[in-house]
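User: Can you walk me through this one? I'd like to start with the aromatic side chains.

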Amino acid sequence: MAMIQVYRPVHTDPKLPPAPLAPRRHLAGGARIALINNGKPKTTDLLGYIAEAFGRIHPVASVTLHSKPSAGSPLDVPTADRIAAESDFVIAGLGDCGACSSCSLIDAVMMEERGIPGAVVITDPFVDVCARLSDRLGYAGYRPIMIPHPAASRSDEWLRGWADRSVAVLVSQVLPEGSA
């Protein structure tokens with residue numbers, strides 16, 4: 001018999017205390033970027049374009065793509081540990097619905113908990129969902145990379161344009177202030 005896991009967005013646990021962000025480090029030798037693709041359409045393209053845009057302003061040593069089996073589930077702990085061990089920062093996404101936005105945010109927070117800066121890419125209708133969840137997880141004020149909804153049906157040119165416009169937010173999320 002198949003088992004279905006259902007996530008119910010009712011908070012019974014107390015809000016977590018404030019958690020520190022991972023240290024933001026200078027990456028003079030080039031950044032090792034991990035992209036966490038949740039499987040939504042155009043996610044690989046968009047995350048890749050954001051990494052390319054970052055590479056135009058900062059050295060990049062490598063870009064690694066990790067694809068999750070489901071957009072509606074966070075990373076498992078062994079995978080999160082492996083990604084953290086191989087990366088200087090991560091970009092998770094694409095959050096373009098409530099569950100995938102929340103799970104992509106949790107993926108980024110899992111990296112923060114492991115000492116690796118994380119950024120999450122979501123579409124604009126889900127900013128409030130992510131703000132409430134990040135606050136509950138102890139990361140009040142965690143700033144996502146926000147693009148207009150919908151993203152999955154957009155052209156490569158549109159995605160590249162938003163990647164270019166989003167790189168400043170990425171830099172502010174993953175590098176020390178004044179790095180770029």
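**Rings, a kinked helix and a strand**

Analyst: The charged end of Arg165 sits over the ring of Trp162, at 4.4 Å from the ring centre. That label needs NZ of Lys or CZ of Arg within 6 Å of the ring centre and within 35 degrees of the ring normal. This is a predicted model, where local features need pLDDT of at least 70, side-chain atom pairs count only at pLDDT 80 or more, and totals for chains, interfaces and linings use all residues. Residues are numbered from 1 along each chain as its sequence is written, and side-chain values use heavy atoms, with hydrogens and water left out.

User: What lies over the face of Trp158?

Analyst: Arg154 does, 4.2 Å from the ring centre.

User: How many aromatic pairs are there in the whole structure?

Analyst: The search finds 3. Rings of Phe, Tyr and Trp (its six-membered ring) pair if their centres lie within 6.5 Å; planes under 30 degrees apart are stacked, over 60 edge-to-face, the rest tilted. One of the pairs is Tyr139 with Tyr142, edge-to-face, with 6.3 Å between centres and 80° between planes. Another is Trp158 with Trp162, tilted, at 6.0 Å and 45°.

User: How are Trp158 and Trp162 placed in helix α5?

Analyst: They are 4 residues apart, so about one helical turn separates them. Helices here are DSSP runs (H or I, at least four residues), strands likewise (E, at least two), numbered from the N terminus.

User: Trp158: buried or exposed?

Analyst: Buried, with a relative accessible area of 19%. Buried means under 20%, exposed over 50%, partly exposed in between (1.4 Å probe, protein chains only).

User: Where is the kink in α5 centred?

Analyst: On Ser166, with a bend of about 40° in a helix spanning residues 156-174. The bend is the angle between axes fitted to the seven residues ending there and the seven starting there.

User: And what do the buried residues of α5 pack against?

Analyst: α1 (43-55), β3 (89-95), β4 (118-123) and β5 (145-147). Contact means heavy atoms within 4.5 Å.

User: Tell me about β3. How many of its residues are buried?

Analyst: 7 of 7. β3 pairs with β1 (residues 31-37) in the parallel sense over 5 bridges. β3 and β4 also run parallel, joined by 5 bridges. Pairing takes at least two DSSP bridges between strands. Gly93 stands opposite Asn37, and its bridge partner in β4 is Val121.

User: Last topic. How many disulfides?

Analyst: 0, counting cysteine sulfur pairs within 2.5 Å. Cys100 is buried at 1%, while Cys97 is partly exposed at 26%.
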